[in-house]
Amino acid sequence: MIEERFDAIVVGAGMAGNAAALTMAKRGMKVLQLERGEYPGSKNVQGAILYADMLEKLIPEFREEAPLERHVIEQRFWMMDDRSHVGMHYRSDEFNEERPNRYTIIRAQFDKWFSSKVREAGATLLCETTVTELVRDERERIVGVRTDRRDGEIHADVVVLAEGVNGLLGTRAGLRARPRPDNVALAVKEMHFLPRETIEARFNLKGDEGVVIEAAGTISRGMTGMGFIYANKECISLGIGCLVADFQRTGQTPYGLLDQFKSHPSVAPLVAGTEVKEYSAHLIPEGGYKSIPQLYGEGWVVVGDAAQLNNAIHREGSNLAMTSGRIAAEAIGLVKSRGEPMSAANLSIYKKMLDDSFVIKDLKKYKDLPPLMHTQSQNFFLTYPQLISKAMQNFVRVDGTPKAEKEKATLKSFVKARSWAGLFGDACRFARAWR
């Protein structure tokens, strides 16, 4: 056993773990952070969206030194069938502001930089270290961790679990249930490399401007899922994700969906001639508010993806992870400043603080939408995209057919695919879930 005792041990060096470790270290606490990868970010080769407001609360000057790719000035939404897409987008020059709101990043580079700021603040980081179990005392309180290192038992006043959605530490200890397949998505991603000027020409960008494309429809073959494309400086992040339960049910393969997505007529020109250098798979929590586990206990708290804190409706994850890590650390710091033990009763302030934040308020507002999208996936991700595409083609194609006949044919196709009662029922359920 390592004799040195810490104020806190943080398991994981992703967004949530780094936010927690940094916040506590800045408060002068003795923090040990454990990461099983070769270095923080070594298991995250994919691109991602960074939300500036949340990071700014942790590192106000981050724009001066963080490895940022592009600031996002345009958001596109595509509803796709097999040969077309119906789209809407928002682009604003206001996003070319001095302090942009969103950035594309490459997680391997960003996580490594984020971790360096944690160490600068005074935290101790041990990489290539797997935590095998939580250590309990005679009263069943968590008092530390056991690792795969020699003399690997380490004690602390509190343990912060930031191990990701598929982390086994909390489930093995009985602190949370293993996520159900219908509450977790598997996303597969590729990095397509191109010269910077080619990317800017294809996406109508200049300088460090960026664009994000999010797509849904028949690309997921009736499963609950989405595709995405991020323009980085010299590469394009492209991927698609669907619920694990749907992959199990249909027998579809993630890489098969990805190949079909990048071959789609709307996508293929964007990645033509690229060199694919990196491929990764990643589990994402999708259960929403109703899947959030117990967030605290005797000597422990859970943050980020491990706590199912992901807004699937708005596709937000990193901001919820950083915010939950920061709030957990602030709660721990408050308990410590009072000279009180890290009991469940005292750590319950973490949940109260999180409940008062946008994290829980947003997840609670849309608590019924993820289940609705999961149970009605054939309608929302297959039938309706096909119908909308057919309606749009009827609207724009001029071939001598009277408009009244076209409109009648469009309505007939909707009713044939889904009865009026079914359409009305889906609309009502969606409206109730959204309000």
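Select helix H1 (residues 15–26) and helix H3 (residues 107–120) of this predicted model, and you will find that H1 passes H3 in a left-handed crossing, a term that applies if the near helix is turned anticlockwise from the far one by less than a right angle. The two axes, which are lines fitted to C-alpha atoms over the stretch in contact, come within 9 Å and cross at roughly 15°. H1 is therefore roughly parallel to H3, as angles under 35 degrees are classed. Showing side chains next, look for Met15, Asn18, Ala19, Ala21, Leu22 and Ala25 in H1, which meet H3 residues including Phe110, Asp111 and Phe114, with contact meaning heavy atoms within 4.5 Å.

Residues are numbered from 1 along each chain as its sequence is written. Local features need pLDDT of at least 70 and side-chain atom pairs count only at pLDDT 80 or more, whereas totals for chains, interfaces and linings use all residues, and side-chain values use heavy atoms, with hydrogens and water left out.

On the E5 side Gln75 has Tyr90 as its bridge partner, while in strand E12 Gln75 stands opposite Val212. E12 (residues 209–217) pairs with E4 in the parallel sense over 9 bridges.

Terms used. Axes fitted to C-alpha atoms, helices over the stretch in contact; angles between N-to-C directions. Helix = DSSP H or I, 4+ residues; strand = E, 2+ residues; numbered from the N terminus. Parallel < 35°, antiparallel > 145°, perpendicular 65-115°, else oblique. Pairing = 2+ DSSP bridges.
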